[in-house]
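Let's take a walk through this structure together. Keep the sequence and the 3D view side by side as you read.

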Amino acid sequence: MSATAAAPAPAERGESPGRRALRRFLRHRIALFGFLVIVVFVTVALAAPWVAPYDPLATSWTAIRKAPSAAHWFGTDENGRDVLSRVVWGARASLMAGVVSVLFAAAIGVPIGLVAGFAGGVLDAVLSRIADAMLSVPFLILAIALAAFLGPALENAMLAIAITFSPVFVRLARGMALDAKATDWVEAARALGNPPWRIAALHVLPNIVPPLLVQSTLAIAEAIIAEAALSFLGLGQQPPAPSWGSMLNSAQRFLESAPWLAIFPGAAIFLVVLSFNLVGDGLRDAFDPRAERR
Amino acid sequence: MSAPPALEVRGLAAEFLTDRGPLRAVDGVSFAVAPGRTLAIVGESGCGKSVTALAIMGLLPPHVRVSGSIRLAGREIATLPPEERRRLRGAEMAMVFQEPMTSLNPAFTAGEQVAEALRLHQGLSRREAFARAVEMLAHVRIPDAARRARQYPHQLSGGMRQRVMIAMALACRPRLLLADEPTTALDVTVQAQILALIDELKRETGTAVVLITHDLGVVADHADEVVVMYAGRIAERAPAAALFALPQHPYTVGLLGAAPRLGRAAGGRLASIEGAVPDMARPPPGCRFAPRCPFRIARCAEEAPPLAEVAPGHASACWRAPLESVLEAAA
């Protein structure tokens with residue numbers, strides 16, 4: 001390098017926006033705590049067969065509604081099943097429902113939103129009105145209707161959640177596409193001869209990943225609650241397979257006599273949902289361009 | 001002349017459909033640029049300079065009606081289907097925009113963005129294109145190009161980003177470069193460097209340059225020919241030297257009077273042109289400059305003057321051109 005090189009570079013090596021966000025996220029303690037909680041729950045869910053002390057479906061007439069003890073840390077339920085084992089296995093249903101349904105919702109909603117925002121005109125009007133109409137129906141009612149229509153099963157509950165959540169992603173992606181469409185760099189990309197699909201997929205999409213990631217994280221928290229609600233109503237995970245929502249459903253009859261039946265799945269939902277929200281907030285801060293100067 | 005000009009525009013018009021009716025932002029603009037030459041389009045904001053450039057590129061939104069002939073190296077491109085038109089962009093003709101700070105995609109490195117043109121039009125692989133992009137960045141005098149190529153736009157200065165934009169535009173060696181106020185957003189010292197760079201690359205590659213600016217100093221130093229636009233029409237078209245020596249349109253005379261110059265008597269005020277640009281949705285019936293023109297005659301308000309030659313290669317749209325006698329009388 002010549003000694004007369006121009007002004008010193010602000011950074012030696014290019015730091016991608018993603019790396020910078022990661023670095024800032026790692027300094028965000030509360031979000032990091034939420035992230036660790038999620039990691040623990042995901043690990044437990046994946047390792048359920050090895051972590052769960054008992055078969056979650058094995059009933060026992062000698063251990064009905066026993067309070068937490070050394071043998072059954074979280075107690076047993078009305079059929080003598082181990083609550084800890086059911087919470088562990090239930091984590092699979094809940095986390096999967098949350099993550100898969102949101103991925104699905106984003107997979108449906110983002111392309112539609114990008115197309116609507118980019119195409120504009122009649123297509124945009126039609127797609128946007130459909131999304132608005134879906135958003136105007138209370139979310140749980142729509143999910144219940146869809147789940148009831150599709151039939152009670154965890155997969156159907158996930159599909160119902162995905163469909164009800166997708167308009168949120170349509171709106172978000174459409175708004176971001178509209179913003180992007182007016183930017184100089186999209187104009188420059190057009191001047192370089194990029195076809196429209198390439199601008200949407202390769203130029204705009206990477207720029208809207210941050211808000212999508214934040215939205216998805218927060219949506220997972222909501223989807224977990226939605227799955228719990230649908231399971232509570234008997235439209236999600238079907239007995240005897242455990243999910244946190246269905247456990248709460250059967251616990252309601254014993255709230256006074258056996259509160260541990262409700263406390264542990266309830267606490268699990270609370271912790272996971274809280275953690276996803278904390279991570280979502282952390283991501284939002286990490287991606288916030290206004291927090292740049294530090 | 002045997003070879004066709006790199007760009008020849010005939011009767012170009014662009015009509016915006018607005019709530020108040022059609023608005024002709026560009027009306028009957030004609031000019032030509034030979035390979036390796038620079039044509040400057042001058043005029044104040046809203047005179048149709050940028051719309052002209054966007055119309056040539058085919059980048060105006062679909063609700064704008066563009067008519068007239070646009071020939072790129074003799075080939076008519078105005079009537080091409082959008083898909084074929086798109087393939088010319090970045091390959092045969094390219095554009096550099098006014099705002100280097102926002103014209104680069106924040107999510108990609110400088111090198112990736114230059115490489116994209118090559119991947120799009122020359123089908124190079126990611127690796128080959130990036131290597132060529134680093135060469136291009138070095139070519140536009142970015143020091144330590146290999147390292148800069150891996151940096152993101154927010155890590156580059158304004159002048160550096162405009163160099164990256166120029167590298168992107170020239171990566172595929174287009175016949176035509178449209179530079180829309182490429183230096184307006186930059187520091188004065190950087191401005192001179194960027195314009196010198198464009199000149200140099202033009203000489204090297206034979207690219208024709210259309211330089212859009214409102215800075216007459218830039219025109220004097222860098223243009224071979226000048227088109228002065230007013231309210232969507234060409235007021236005057238002339239070789240640069242002739243324009244400055246003997247302006248043949250009252251608007252040009254006004255512009256030259258309004259340009260700041262070193263060595264002018266201190267304390268003197270810059271001349272200004274009285275009045276304002278006409279409402280483009282309801283332009284005056286005759287000469288569009290007539291309401292502001294100090295030399296207007298009755299005919300000016302009734303009949304629009306055609307662009308007519310007053311000297312070889314020097315055309316003016318003024319009923320009173322040639323202006324020598326008029327100017328003498330006024331002085």
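How much of residues 7-256 of chain B is helix, and how much is strand? Over this stretch the chain is 39% helix and 28% strand, and its end C-alpha atoms are 27 Å apart. Helices (H or I, at least four residues) and strands (E, at least two) are DSSP runs, numbered from the N terminus. An unreviewed UniProt entry annotates residues 7-256 of chain B as "domain: ABC transporter"; such annotations may be inferred rather than shown by experiment.

The model is predicted: local features need pLDDT of at least 70, side-chain atom pairs count only at pLDDT 80 or more, and totals for chains, interfaces and linings use all residues. Residues are numbered from 1 along each chain as its sequence is written, while chains are lettered from A and ligands numbered from 1 in the order in which they are written.

Now find the sheet. In chain B, eight strands form an open sheet with mixed pairing, in the order 6-7-8-3-9-10-12-11; two strands pair if DSSP finds at least two bridges between them. At the edges, strand 6 and strand 11 (308-311) of chain B each pair on one side only. Strand 3 (residues 38-42) and strand 9 (residues 225-230) of chain B run parallel, joined by four bridges. One pairing to look for is B:Ala40 with B:Val226 in strand 9.

Next, turn to helix 6 of chain B. Twelve of its 13 residues are buried (20 or more other C-beta atoms, placed from the backbone, within 10 Å of the residue's own), so helix 6 is largely enclosed by the rest of the structure. Among the buried residues are B:Gly159, B:Arg161 and B:Leu170.
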